[in-house]
Amino acid sequence: MSGGQDPAVVRTRDPEGDRGADARGAAQGVPGVWLALLAGPMSFGIAGSALVLADTARDLGTTVDAATWIVTAFGWAIAVGTPLMAGLQRRRGTPAALLTGAALVLLGAALTVVAPALPLLVAGSALQGLGAAGLTTIAMSLAGSARVMGLVTASLATIGAAAPLTGDVVAGLLGWRATLALPALSLLSVPFVLRGRPVTSLSAMPFDLVGAVLVTALVTALVVLPHAWQAASGAAVAAGVLLALRLRARPDGFVPTVVLRAPVFLVSAGLAFLLAVVNFGMIYALPPLLAEHSGWSRGQVGLAITWPLLFGGLASYPVIAATARGSFGAAAVVFPVLSAAGGVLAVLGRGPVALLAAQALASVAAASGQGAYAARAAAAVPASERPTAMGLFNLAYLLGAAFGPAIATLLVG
């Protein structure tokens, strides 16, 4: 930044000297394993309770449908919390955002453990989701290389694949409340990330409250859209129009237009959304097809589909590393092609081997694409906007995870 400094940006100071945000912001003192642990446990909140909701409903004297609000609240919170916590990181710095996210996760886990009724459990799950969204965005914004980004996204995919079975085992040993509190495992990495003393570029612009409210309204409407499109579609359009007008009035506001004007960022986020739609749609569509064509029980189907998901998560790390030095154009083609191949195989295949292979292709494409595209999306924007870019990128992927199952239900059901 020779020749002057943007007056809208304030850099924090490194006690060892005046170093740029890029050097330290790349987690110079934070090994990738701690960033992976910071992000990965978020997947427990999404999938960890899949096999224990019946126990939760029984103990609380309610129905399983009512108990699913625990998962719904977590999903809504990570979608809403991702841009909000990214905004906090942008304005107050990584340490402040990290401690805020950790506090929300801790408070939510504590409430989950002691809550006597479903509404309090739902509130605890939402608090954990808000905090986990922040911790995941921070981990991805501090990943200073494609390899580290791959480790972070691989942890999300791998833990997500094993989360249902892990949650069931934990519930058998410690009870279902412990399963609902598993996202708190991310707190183990917080001291090590703080020790890295990441230096960030801070925005000195006044906080854009109107922009934050409009983003929250738009995200909420989009999350609800697959479940109640008649009511949510109008709200989504209205919030989107108002947000567009706000962006024109405040181009440096809650959503900086410099991020939205970066073509590589937009293409990366859009492709990540599509890969998530296919992957998470298959996760919901294939089990009934497997049961139909194999004669397996529900438990056997659940165990069988875990393996291609685990394969996708574990394989994503070497795949991301192998494609890190390739062109963006190649990355923009190879992962959608893999995902499309999985979709075609799922439609044409009838045996269990073909269906599980289809899920493996979609899983590899989504997990690898998330990491590869996130690294390129982060590099496409100014360093001061990297937290915001990662927040918006993760939001696109999470919305794909929300739309995929709804679309699959329409197609299969």
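**Core and helix packing in a predicted model**

Me: Which residues have the most contacts inside the largest nonpolar core?
Reply: This is a predicted model. Its largest nonpolar core has 68 residues. Those with the most contacts inside it are Leu38, Phe265, Met390 and Phe393.

Me: What does Phe393 contact, leaving aside neighbours within four places in sequence?
Reply: Phe393 is one of the residues with the most contacts inside the largest core. Set aside its neighbours within four places in sequence. Its contacts are then Met140, Phe265, Ser268, Ala269, Ala272, Gln370, Tyr373, Ala374 and Ala377.

Me: How many residues are in the other core, which lies apart from the largest one?
Reply: Among its members are Ala77, Leu121, Ala171 and Trp176. This core has 12 residues.

Me: At roughly what angle do the axes of H9 and H18 cross?
Reply: H9 covers residues 146-174 and H18 covers residues 352-379. Their axes come within 8 Å. The crossing is right-handed. The angle is roughly 145°.

Me: How many residues of the contact of H9 with H18 are charged?
Reply: H9 brings Ala146, Met149, Thr153, Leu156 and Ala157. H18 brings Ala367, Gln370, Gly371, Ala374 and Ala375. The contact divides into 7 nonpolar and 3 polar residues, and the charged count is none.

Me: Why does Ala324 count as partly exposed?
Reply: Ala324 sits in the loop between helix H16 (298-323) and helix H17 (328-348). Ala324 counts as partly exposed because its relative accessibility is 29%.

Me: Which residues does Ala324 touch, not counting those up to four places away in sequence?
Reply: The C-alpha atoms of Ala324 and Tyr373 are separated by 9.8 Å. These two are 49 residues apart along the chain. The residues that Ala324 touches are Ala146 and Arg376.

Me: Which residues of H12 are buried?
Reply: H12 spans residues 209-224 and has 16 residues. From first C-alpha to last it reaches 23 Å, close to the 22 Å expected. Its buried residues are Gly211, Ala212, Leu214, Val215, Leu218, Val219, Ala221 and Val223.

Me: What percentage of the contacts with a separation of 6 or more comes from residues 24 or more positions apart?
Reply: The protein has 19 helices and 2 strands. Buried residues make up 51% of its 413 residues. For contacts with a separation of 6 or more, residues 24 or more positions apart account for 82%.

Definitions and conventions
Residues are numbered from 1 along each chain as its sequence is written. This is a predicted model: local features need pLDDT of at least 70, side-chain atom pairs count only at pLDDT 80 or more; totals for chains, interfaces and linings use all residues. Side-chain values use heavy atoms; hydrogens and water are left out. Helices (H or I, at least four residues) and strands (E, at least two) are DSSP runs, numbered from the N terminus. The expected span of a helix is 1.5 Å times one less than its number of residues. Buried means under 20% relative accessible area, exposed over 50%, partly exposed in between (1.4 Å probe, protein chains only). A nonpolar core is a set of buried Ala, Val, Leu, Ile, Met, Phe, Trp, Tyr and Cys residues joined through side-chain atoms within 4.5 Å. Contact means heavy atoms within 4.5 Å. Axes are lines fitted to C-alpha atoms, for helices over the stretch in contact, and angles run from 0 to 180 degrees between N-to-C directions. A crossing is left-handed if the near helix is turned anticlockwise from the far one by less than a right angle, and right-handed if clockwise. Ala, Val, Leu, Ile, Met, Phe, Trp, Tyr, Cys and Pro count as nonpolar, Asp, Glu, Lys and Arg as charged, and the others, Gly among them, as polar.
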